[in-house]
Amino acid sequence: KHDGRTVKAFVVYPEAKTKTAAVIVVHEIFGLTDWARELADEIAAAGSIAIVPDLLTEPGKETQSYPDQGAAIKAVSALQTPQVMADLDAAADYVKKLPACNGTISVAGFCWGGGRSFQYANHNPGVAAAYVFYGTGPASKAEAENIKCPVYGFYGEDDARVGATIPATTEIMKSLGKNYQP
């Protein structure tokens with residue numbers, strides 16, 4: 001919860017005897033899909049708590065569904081960065097306080113969510129690591145200056161749109177002395 005807003009989330013726990021780290025998964029532009037839920041299951045199977053906040057949460061609705069991908073893309077594209085960061089903060093606060101969490105939080109995002117995971121690492125310098133899967137990086141030094149964690153970029157070889165941004169992202173991160181490994 002934040003600012004009177006309740007954000008729905010999908011949470012998956014690993015089978016573990018001790019407290020574990022958590023990963024905030026920022027969904028793709030298609031919203032909280034079955035694919036994002038399956039990914040959370042895989043993260044938990046690998047040993048971390050996974051939380052996927054539904055950034056399209058609307059009051060009074062269990063889950064947000066759209067008649068087609070175009071409608072979901074339009075809805076996600078309309079999200080404002082301050083609300084997205086506040087929703088991710090709420091997810092981080094929630095998961096960090098779970099009895100099964102050791103307090104270590106990382107963020108991972110895919111495509112649209114990959115760009116948001118880069119933004120969130122800058123927004124929340126307490127993040128332990130950021131995993132950017134085929135998402136764009138910062139457009140300026142100001143969008144990366146608060147990053148304290150390593151950022152790992154995973155990119156498609158044939159993705160010219162995102163691939164074209166990697167050299168500039170590398171230069172920005174290098175000029176700031178940040179750990180960025182595309």
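These legends walk through several close-up views of one predicted model.

In this predicted model, local features need pLDDT of at least 70 and side-chain atom pairs count only at pLDDT 80 or more, while totals for chains, interfaces and linings use all residues. Residues are numbered from 1 along each chain as its sequence is written, and side-chain values use heavy atoms, with hydrogens and water left out.

**View 1. Helix H1 has a buried side and a face turned away from it.**
Let us start with helix H1, residues 34-45. Helices (H or I, at least four residues) and strands (E, at least two) are DSSP runs, numbered from the N terminus. The expected span of a helix is 1.5 Å times one less than its number of residues. For the twelve residues of H1 that gives 16 Å, and the end C-alpha atoms are 16 Å apart, which agrees. Look for Ala36, Leu39, Ala40, Ile43 and Ala44, which are buried. Buried means under 20% relative accessible area, exposed means over 50%, and partly exposed lies in between (1.4 Å probe, protein chains only). An α-helix has 3.6 residues a turn, so residues three or four places apart point the same way. On the face turned away from the buried side of H1, find the exposed residues Asp34 and Ala45. The cover over the buried residues of H1 includes strands E1 (9-12), E2 (20-26), E3 (49-53) and E4 (101-110). Contact here means heavy atoms within 4.5 Å.

**View 2. Helices H3 and H4 cross at roughly 75°.**
Here helix H3 (residues 81-96) meets helix H4 (residues 112-123), and their axes come within 11 Å. Axes are lines fitted to C-alpha atoms, for helices over the stretch in contact, and angles run from 0 to 180 degrees between N-to-C directions. H3 and H4 are therefore roughly perpendicular to each other. As a guide, angles under 35 degrees count as roughly parallel, over 145 as roughly antiparallel, 65 to 115 as roughly perpendicular and the rest as oblique. From H3, the contact is made by Thr81, Val84, Met85, Leu88, Asp89 and Ala92, and from H4 by Trp112, Arg116, Gln119, Tyr120 and His123. Sorted by kind, the residues of this contact are six nonpolar, three polar and two charged. Ala, Val, Leu, Ile, Met, Phe, Trp, Tyr, Cys and Pro count as nonpolar, Asp, Glu, Lys and Arg as charged, and the others, Gly among them, as polar.

**View 3. H4 is largely enclosed by the rest of the structure.**
How many of the twelve residues of H4 are buried? Nine of them are, so H4 is largely enclosed. Among them are Trp112, Phe118 and Tyr120. H3 also has buried residues, including Val84, Met85 and Leu88. What covers the buried residues of H3 includes E2, E3, E4 and H4.

**View 4. Asp3, Tyr134 and Gly47 have positive phi values.**
Most residues other than glycine have a negative phi, and most peptide bonds are trans. Asp3, which is not a glycine, has a phi near 45°. Asp3 sits in the segment before E1 and is exposed, with a relative accessible area of 77%. Tyr134 is not a glycine either, yet its phi is about 40°. You can find Tyr134 in the loop between strand E5 (130-133) and strand E6 (151-154), where it is partly exposed at 27% relative accessibility.

**View 5. Phe133 lies in strand E5.**
Is Phe133 buried or partly exposed? Phe133 is partly exposed, with a relative accessible area of 23%. Leaving out residues up to four places away in sequence, Phe133 touches Ala108, Gly109, Phe110, Cys111, Gly114 and Phe154.

**View 6. Glu145 lies in the loop between E5 and E6.**
Glu145 is partly exposed, with a relative accessible area of 45%. Not counting residues up to four places away in sequence, Glu145 touches Asn122, Leu176 and Lys178. Glu145 and Ser175 are 30 residues apart in sequence, and their C-alpha atoms are 9.9 Å apart in space.
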